[in-house]
Amino acid sequence: MRKLMAAICAGCICIMAGGIWGGYWMGHKYCSRLMDSKKLADKHLHMVRLYDIWMMTKQNGASFEQFLLDKGIHTIAIYGMSYMGIRLFHELEHGNVHIAYGMDQEVKAEIPRLKIYKPDEASKDGIDAVIVTAIFAFDIIKKNLEQLGFGKIISLDEIIYNLI
């Protein structure tokens, strides 16, 4: 009888331990997903705010093109060919600042009139500056581009905030 009771107790302990472990694991997975969702929501909120400031600068007559030309920048590459990179391309494509090419770690977008390269495939020749539109990873991207030999590297939000 004692062996039966010991076996039942051991079984109950295993079931409880499994339940506790399973609850912890599910809670951890839920918290991880919740944190990822918060990071993504924060990123998109920041992008919306940046678009808003960009729009305000346009309404006040400020110009990306003039800002770059005033800094002696005539030929650029755009790093980050997602929403912001595509907007920047369309903002500058018919002006006096030449966009040599786009760059992205994962070449997904296809934009007529613009060749997109991976950073290690892009030529540094003739580029006055690289404008990084992937602002959340700017520090890492800047470091990588500097290691590849690119010179002037500017964050898109830095330009926008200077236009206010």
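Ser155 lies in strand 5 (residues 153-155). Helices (H or I, at least four residues) and strands (E, at least two) are DSSP runs, numbered from the N terminus. The model is predicted: local features need pLDDT of at least 70, side-chain atom pairs count only at pLDDT 80 or more, and totals for chains, interfaces and linings use all residues. Residues are numbered from 1 along each chain as its sequence is written, and side-chain values use heavy atoms, with hydrogens and water left out.

Is Ser155 buried or exposed? Ser155 counts as buried, because its relative accessibility is 4%. Buried means under 20% relative accessible area, exposed over 50%, partly exposed in between (1.4 Å probe, protein chains only).

Which residues does Ser155 touch? Leaving aside residues up to four places away in sequence, Ser155 is in contact (heavy atoms within 4.5 Å) with Val132, Ile135 and Phe138. The Ser155 side chain also makes a polar contact with the side chain of Asp157, at 2.3 Å. Such a contact is a pair of N or O atoms within 3.5 Å; within protein, one must be able to donate a hydrogen and the other to accept it, and residues adjacent in sequence count only if both atoms are side-chain atoms.

Phe138, a contact of Ser155, is one of the buried residues of helix 4 (residues 138-147). Ile141 and Leu145 are the others. Viewed down the axis of helix 4, the buried residues fall within an arc of 65°, so they line one face of the helix. The arc is that of the directions from the helix axis to the C-beta atoms. The face turned away from this buried side carries exposed residues: Asp139, Ile140, Lys143 and Gln147.

What covers the buried residues of helix 4? The cover includes strand 1, strand 2, strand 4 (129-132) and strand 5. Just after helix 4 comes Gly149, with a positive phi of about 100°.

Asp157, the polar partner of Ser155, belongs to helix 5 (residues 156-163) and is buried there. Leu156, Ile159, Ile160 and Leu163 are also buried in helix 5.

### Strand pairing

Strand 1 (residues 75-79) pairs with strand 2 (residues 98-103) in the parallel sense, over five bridges. Strands pair if DSSP finds at least two bridges between them. Within this pairing, Tyr79 stands opposite Met103 of strand 2. Strand 2 also runs parallel to strand 3 (residues 116-117), joined by two bridges. There, Gly102 has Ile116 of strand 3 as its bridge partner.

Strand 1, helix 3 (residues 83-92) and strand 2 form a right-handed β-α-β unit. Right-handed means that, with the strands pointing away from the viewer, the path from the first strand over the helix to the second runs clockwise.

### Two salt bridges

How many salt bridges does a search of the whole structure find? It finds two. A salt bridge is a side-chain nitrogen of Lys or Arg within 4 Å of a carboxyl oxygen of Asp or Glu.

One joins the side chains of Glu91 and Lys58, at 3.3 Å from N to O. Glu91 lies in helix 3 and Lys58 in helix 1 (residues 2-59), so this pair ties together parts that are 33 residues apart in sequence.

Another joins the side chains of Glu93 and Arg113, at 3.0 Å from N to O. This pair links distant parts of the chain, 20 residues apart: Glu93 is in the loop between helix 3 and strand 2, and Arg113 in the loop between strand 2 and strand 3.

| Residue | Relative accessibility | Class |
|---|---|---|
| Glu91 | 28% | partly exposed |
| Lys58 | 42% | partly exposed |
| Glu93 | 21% | partly exposed |
| Arg113 | 60% | exposed |

Arg113 has another feature. Its phi is positive, about 75°, although Arg113 is not a glycine. Most residues other than glycine have a negative phi.

### The chain as a whole

The chain holds five helices and five strands. Along the sequence they follow the pattern α-α-β-α-β-β-β-α-β-α. Of the 164 residues in the chain, 31% are buried. Among contacts with a separation of 6 or more, 63% involve residues 24 or more positions apart.
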